[in-house]
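Please look through the structure below with its charged side chains in mind. The numbered points that follow take up some of the pairs they form.

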Amino acid sequence: MTDLAFADVDGSLDMLLVPGAVDLHPGGPVARIDQEVVAWVKATAPQARRVASVCVGAHVVAAAGLLDGKTATTHWSTAAQLAADHPAVRVDPDPIFVRSGNVWTGAGISACMDLALALVAEDLGEEVALDVARQLVMYLKRQGGQSQFSVPLSSPPATRRDIDELRMFIADHLDGDLSTAALAARMCLSERHFARVFQQETGHPPAAYVEAARVEAARRLLEGTDEPLDRIAGVRARLRGDPAPGDAQAGRHHARGLPPPVPHHCLTLSFRAWQSRRACRSPAQKEFRHARFPDPAGGFGLGAELPRLADATIVLIDFQNTYRSGVLALEGAEPALSAGARLLAAARAAGAPVVHVVNDGGPGSPYDIRADIGAISPEVSPAEGEPVVVKRFPDAFHETGLEKVLRELGSGTDLVLAGFMTHMCVTSTARGVFNRGYRPTVVAEPTATRNLPAPDGTAVAAATLRTAALTTIGDLFGTIAPTVEDLIS
């Protein structure tokens, strides 16, 4: 039951929550758009601290112009309609909810329970949100980056009941022996016949399906806990099996009851999770995503689309005097600083939040932030109210309060990075941004690095190293804007 009519609402709102409705047509559900509701939402939203939509309510929010230039989600069945009706909106039909600045969109009714918990966490903290989840007897608190489709649900129901039962068994025993041989024995079939039947019923080879299910479980741990990779590698995700004969280090860990040492592929766990989700999408999802977000030639990354500056948060990394002279002087530091100043001015003009990051090496070091040598260069010095985050590791997120600062600023998914050095702190932070579910964009022009000795005794030129670092970022972790003007335009 409603308490007020539209005309009864006046003054500022804490949150404007927009539900939606669909009309059923032979071709599928179509989101209903009531122009009176759209007009009211458009007029009321500027007075709200934040706006959120439930399911196909995203269509109403988009019609009100609140999602232009932003990333949004909605129920997968109407995502194509949202993208077609509103080309200025970056529609992602996969996650259960998306935040872009002060606008949140949820994928569906049950997914919006997770959205509601995220809103509680933002206002009152993670501990309170988990208490609420327990009170509601929710199975778990999911993060927004999770897919609308879990691995068991991503394939159509099998025509054989025993295959469907086996899929549920796999989901419940991810830390067990799920080799093709073990699964075939459970089905009382030969390995060859079992592999053929499983592929026919699910569309995936048994080993690929098990890998995707384990990666999905690991991704939930990565997104929903603070556990380190080595511990996650040893929990139920178990991307690696029992220690192989002759693996002395793994054997010692196993004998002492410790998780196995982190295998190489765990270091790219987020990439594997992304791949598995991509591999297990329905044909309709794949067709939609390919039309909207085609993979760049020669890379697996997030695409070449650059964010709108007004919708992004700018993170300036280590623009310190350290790199302008002395042993750590960078090639191209002065032009990069000039470009950084242009980026900063454009961000301020667009009203984008700006965060400054500095590296503190301690008193007497070249990174002493208490001395002029470690101070932020005056061309890009912080304005009043712009937060400064102090770090001691290349990744600006590691053991810092950066993530909390971003939450307090109301940052969306897009983070724009620039600074020193390209191959070290910029690259490390771009990976940290990607691993935490944000979308990093690195502006190449305001970055610089220095010549480095190679292992074979030769020297790697700074320009070569910078190009290689940016290429690595662009291959997977983020998008690259060659110049400040490319981002602004």
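**Notes on the salt bridges**

1. Glu-386 is buried, with a relative accessible area of 14%, where buried means under 20% relative accessible area, exposed means over 50%, and partly exposed lies in between (1.4 Å probe, protein chains only). Its salt-bridge partner is Arg-348, with the closest N and O atoms 2.8 Å apart; a salt bridge here is a side-chain nitrogen of Lys or Arg within 4 Å of a carboxyl oxygen of Asp or Glu. Glu-386 sits in the loop between β10 (354–359) and β11 (388–391), while Arg-348 belongs to helix α15 (residues 333–350), so that the pair links distant parts of the chain, 38 residues apart. Helices (H or I, at least four residues) and strands (E, at least two) are DSSP runs, numbered from the N terminus.

2. This is a predicted model, in which local features need pLDDT of at least 70 and side-chain atom pairs count only at pLDDT 80 or more, whereas totals for chains, interfaces and linings use all residues. Residues are numbered from 1 along each chain as its sequence is written, and side-chain values use heavy atoms, with hydrogens and water left out.

3. Arg-439 and Asp-414 form a salt bridge whose closest N and O atoms are 2.7 Å apart. Because Arg-439 lies in strand β13 (residues 439–448) and Asp-414 in strand β12 (residues 414–420), the pair ties together parts that are 25 residues apart in sequence, and both residues are buried.

4. Salt bridges that share partners also join Asp-14, Arg-49, Arg-50, Arg-99, Glu-122 and Asp-123 into one network. The structure holds 22 salt bridges.
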